[in-house]
Amino acid sequence: VYQIAYVIVKAGVSPRPGNWVLERSLDGVVYKPWQYYALSDAECWEVYGITPTIGQPHYRKDDDVICTSYYSKVDPLEDGEIHTSLVNGRPGVDGPSAKLMDFTKARYVRLKLQKIRTLHADLMSLQIGGENADPSVSRRYFYSIKDISVGGRCACSGHADTCTTDGSTGRLLCRCKHNTCGENCDKCCPLYNQKPFNQGTSDNAAVCEKCECYGHSDQCHYEQVVADKRLSINTLGKYEGGGVCDNCKHHTSGINCEQCEDGYYRPSKVARNHTKPCRKCQCSGPGMTGLCVKDDAHLLEGLVRSLIHYM
């Protein structure tokens, strides 16, 4: 997948196409329009149902799909060019904005040619007879495109400066930064989900933040409810974010793997990030539950929970 910046189409020995659509797709099946081109402003309305953009193409929104007749002029008869910038002139180009990055994302680019520029030779034929029509005009009744240039970069969600070619598949792979992972740096790495994933921009790198699991988990996920209730502690010791540690190890449990599982306790002088913080409760015998206080930092170490039996 790429972030396409511009498409330049160069005509050959015929005029530029009359009506056509520049399209994009991520899967090669479903295509969406990037821009419409029409013989006239009137045809923007009549053919595509879109308000024509008068004069040189310009954009009001980052995902604005316009219709223009600017590149459908008769002149030149040969070697005409059509320059389409998908980023320049859009409001979010300096970021770039998330909307603009999504709008320019594509794996496939298609030119859907729909009407030839006839140079009005059809009207000429009716007036003077088809056999007397100027052959220098009528012989140009075809599309001829001699070059298509597509410029862009790997779609890395704003989290990579470069991409490299996979030797086995030939595909371009983003060299992700900011603790992001995925083919397009489109998600946070497994242990970096303290905050929700965001695309990076020039104003905000949107670095993925590590979850505080005290070394007892290799991955976590983000939950908005946990963030709203301020239940998750971050690596700075503040209750900010919604990271929830997954599959806590070493007999630990909790949102941050901060407490011991049932049947285990953490002695008061043992840190949460100790490699083996939890010890098995030494509770056995009549009336004992087998459980003890999990975190005894403020209580008598190894305090046993007992069932009270009345004789």
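**Close-up views of a predicted protein model**

View 1. At 14% relative accessibility, Glu43 counts as buried (under 20% relative accessible area; exposed is over 50%, partly exposed is in between, with a 1.4 Å probe and protein chains only). The place of this residue is helix 1. Helices are DSSP runs of H or I with at least four residues, strands are runs of E with at least two, and both are numbered from the N terminus. Leaving aside neighbours within four places in sequence, Glu43 touches Asn19, Ala38, Tyr48 and Lys115. Contact here means heavy atoms within 4.5 Å. This is a predicted model, in which local features need pLDDT of at least 70, side-chain atom pairs count only at pLDDT 80 or more, and totals for chains, interfaces and linings use all residues. Residues are numbered from 1 along each chain as its sequence is written, and side-chain values use heavy atoms, with hydrogens and water left out.

**View 2. Glu43 and Lys115 form a salt bridge.** The closest N and O atoms of this pair are 3.2 Å apart. A salt bridge is a side-chain nitrogen of Lys or Arg within 4 Å of a carboxyl oxygen of Asp or Glu. Glu43 belongs to helix 1 (residues 41–48) and Lys115 to strand 7 (residues 108–115), so the bridge ties together parts that are 72 residues apart in sequence. Lys115 is partly exposed, with a relative accessible area of 35%. By this rule, the count of salt bridges comes to seven.

**View 3. Asp64 pairs with Arg60.** Their side chains meet in a salt bridge, at 3.9 Å from N to O. Are the two partners buried or exposed? Asp64 counts as buried, at 9% relative accessibility. Arg60 counts as exposed, at 69%.

**View 4. Asp218 and Lys249 meet in a salt bridge.** The N to O distance is 3.3 Å. This pair links distant parts of the chain, 31 residues apart. Asp218 lies in the loop between strand 12 (187–188) and strand 13 (220–222). Lys249 lies in the loop between strand 14 (243–245) and strand 15 (252–253). Asp218 is exposed, with a relative accessible area of 56%. Lys249 is partly exposed, at 34%.

**View 5. The largest nonpolar core has 14 residues.** A nonpolar core is a set of buried Ala, Val, Leu, Ile, Met, Phe, Trp, Tyr and Cys residues joined through side-chain atoms within 4.5 Å. Which residues have the most contacts inside it? They are Ile4, Trp20, Leu22, Trp34, Tyr37 and Ile82. Strand 1 (2–11), strand 2 (19–25), strand 3 (32–37) and helix 2 (98–103) each supply at least two residues of this core. Strand 1 gives the most, with three residues. Apart from this core lies another, of seven residues, among them Val21, Tyr36, Ala38 and Cys67.

**View 6. Trp34 has contacts beyond its neighbours in sequence.** Neighbours within four places are set aside here. The partners of Trp34 include Ile4, Leu22, Glu23, Arg24, Asp64 and Val65. Leu86, Phe103, Thr104, Ala106 and Val109 are also in contact with Trp34.

**View 7. A nonpolar patch lies on the surface.** Val109, Leu113, Tyr143, Ile145, Ile148 and Val150 form this patch, with about 420 Å² of accessible area together. Patches are made of residues with over 30% relative accessible area and no salt bridge; like charges are joined within 9 Å, and nonpolar side chains (Val, Leu, Ile, Met, Phe, Trp, Tyr) within 5 Å. Accessible areas come from the Shrake-Rupley method with a 1.4 Å probe, and for residues only the protein chains shown count as cover. Strand 7 and strand 8 (145–154) each supply at least two residues of the patch. The largest share, three residues, comes from strand 8. Leu113 is in strand 7. Leu113 is partly exposed, at 31% relative accessible area.

**View 8. Pro76 lies in the loop between strand 4 (67–68) and strand 5 (81–85).** Pro76 counts as partly exposed, at 33% relative accessibility. Beyond four places in sequence, Pro76 is in contact with Pro15 and Arg16. The C-alpha atoms of Pro76 and Ala11 are separated by 9.6 Å, and these residues are 65 apart along the chain.

**View 9. Two stretches have pLDDT below 50.** pLDDT is the predictor's confidence in each residue, from 0 to 100. The protein has a mean pLDDT of 86, and 86% of its residues reach 70 or more. Over residues 122–130, pLDDT stays under 50, and the model has six contacts beyond four places in sequence for them. Over residues 300–311, pLDDT is also below 50, and this stretch has 22 contacts beyond near neighbours in sequence.
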